[in-house]
Amino acid sequence: MNRFIPSNGEAFKLLVEVEASTPVELMLYGYEANLTNTVHFLRQYGDANVAEVGLFQGIHHFEFPFPKSVQKLKIEVFDKRSNASNGIKIKNITYKYLPLVQAFAPHVQEYIDFAFDFSQSCGYHETGTYESASGLYSMVFSDYVRSWEDQTNAIIYTPARVNHTNGIVEVSKYYFDQLTITNRFMILLHEFTHFYYNTKDELACDLMACNICLMLGFSKTECMYAIARLFDYCGTDQQCKAFIERKKQLIDFINNWTNEHETTI
Ligand SMILES: [Zn+2]
């Protein structure tokens, strides 16, 4: 079953009521209609392989905040095991408008707007160099991030990195095509924090990226998903251990976050 939400670029919160008449692994999939690689959310509720979770059945309400603009949202619901939507229906959709958050200095707001627009549209844009509204920031969008500084041009297996000297962010199309819009946005905020605070502290950059996302009104669930995906490939045992600890601290931060949090940015 599919539904279109004509959102007209406003900030809003979507409330979706879903009913499954039989036990399913419910998938909720939201993306920009007719535009490739524009996944806003891809959530799973119920898991046949995890006894404590079990399958999803009955009626449930799901909330999806969209604090930044969405053009034409399409929602699909289906059972992950069969890819079919028999017995699953969207019973009701309501939405309420959200106030726009403008809590940042203008030069930070410019990066936020640029990073979000880039995250939303890079899935169907060509590779090349992109600039923010006033030209203050730029992103180099290539198939892969490459090691140009040592002349080898070797692939660096990372979705993005920032040049600490000039703030230019290099972005890998290969990785970004696999990520949700919120996930891409959080990575770009992480890179911005590296540059803005001139820090190499990965946890501090993750925490600031989460903080900005939550301040803007993005959902905690979507931030959690982004954090989970960031550590898909952790390398050696030692690195994996460090990543697990970093992930734990981030999940605690997101769980305990309230909108009274301030940022010094
Ligand atoms: Zn980093």
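A: The buried residues of α1 are covered by several elements, including β8 (128–131), β9 (138–142), α3 and α4 (202–216). Those names follow DSSP runs numbered from the N terminus, where helices are H or I runs of at least four residues and strands are E runs of at least two. "Covering" rests on contact, which means that the C-beta atoms of two residues, placed from the backbone, lie within 7 Å. Bear in mind that this is a predicted model: local features need pLDDT of at least 70, side-chain atom pairs count only at pLDDT 80 or more, and totals for chains, interfaces and linings use all residues. Residue numbers start from 1 along each chain as its sequence is written.

So which residues of α1 are buried? They are Y111, I112, F114, A115, F116, F118, S119 and Q120. Buried here means 20 or more other C-beta atoms within 10 Å of a residue's own, exposed means 12 or fewer, and partly exposed is in between, with C-beta atoms placed from the backbone. D117 also belongs to α1, but it counts as partly exposed because it has 16 C-beta neighbours inside 10 Å. Its C-alpha atom is 9.5 Å from that of S132, 15 residues away along the chain. As background, an α-helix has 3.6 residues a turn, so residues three or four places apart point the same way.

How far does α1 reach? Its 16 residues reach 22 Å from first C-alpha to last, close to the 22 Å expected at 1.5 Å a residue. That expected span is 1.5 Å times one less than the number of residues.

Now for α3, one of the covering helices. The axes of α1 (residues 106–121) and α3 (residues 181–196) come within 8 Å and cross at roughly 140°. Axes are lines fitted to C-alpha atoms, for helices over the stretch in contact, and the angle runs from 0 to 180 degrees between N-to-C directions. This crossing is right-handed; the label applies if the near helix is turned clockwise from the far one by less than a right angle, and left-handed if anticlockwise. On the α1 side, Y111, A115, F116, F118, S119 and Q120 take part, and they meet I181, R184, F185, L188, L189 and F192 of α3. Sorted by class, this contact has nine nonpolar, two polar and one charged residues. Ala, Val, Leu, Ile, Met, Phe, Trp, Tyr, Cys and Pro are nonpolar, Asp, Glu, Lys and Arg are charged, and the others, Gly among them, are polar.

The loop between α3 and α4 holds N198. Its phi is near 45°, a positive value in a residue other than glycine. Most residues other than glycine have a negative phi. N198 counts as exposed because it has 9 C-beta neighbours inside 10 Å.

In α4, the buried residues are C205, D206, M208, A209, C210, N211, I212, C213, L214 and L216. The 15 residues of α4 should span 21 Å, and its end C-alpha atoms are 21 Å apart, which agrees.

Not counting residues up to four places away in sequence, S138 touches T129, Y130, E131 and I168. With 15 C-beta neighbours inside 10 Å, S138 counts as partly exposed.

Stepping back, the chain is assigned domain 1 (2–97) and domain 2 (106–256), with bounds from an automatic or database domain assignment. The C-alpha centres of the two domains lie 25 Å apart. Contact between them involves 13 residues of domain 1 and 12 residues of domain 2. On the side of domain 1 that touches domain 2, the elements giving two or more residues are β4 (39–45) and β5 (56–66), and β4 gives the most, with four residues. By class, that side has seven nonpolar, four polar and two charged residues.

To finish, look at α6 (residues 237–256), whose 20 residues reach 29 Å from first C-alpha to last, close to the 28 Å expected. The number buried is two of its 20 residues, so α6 lies largely in the open.
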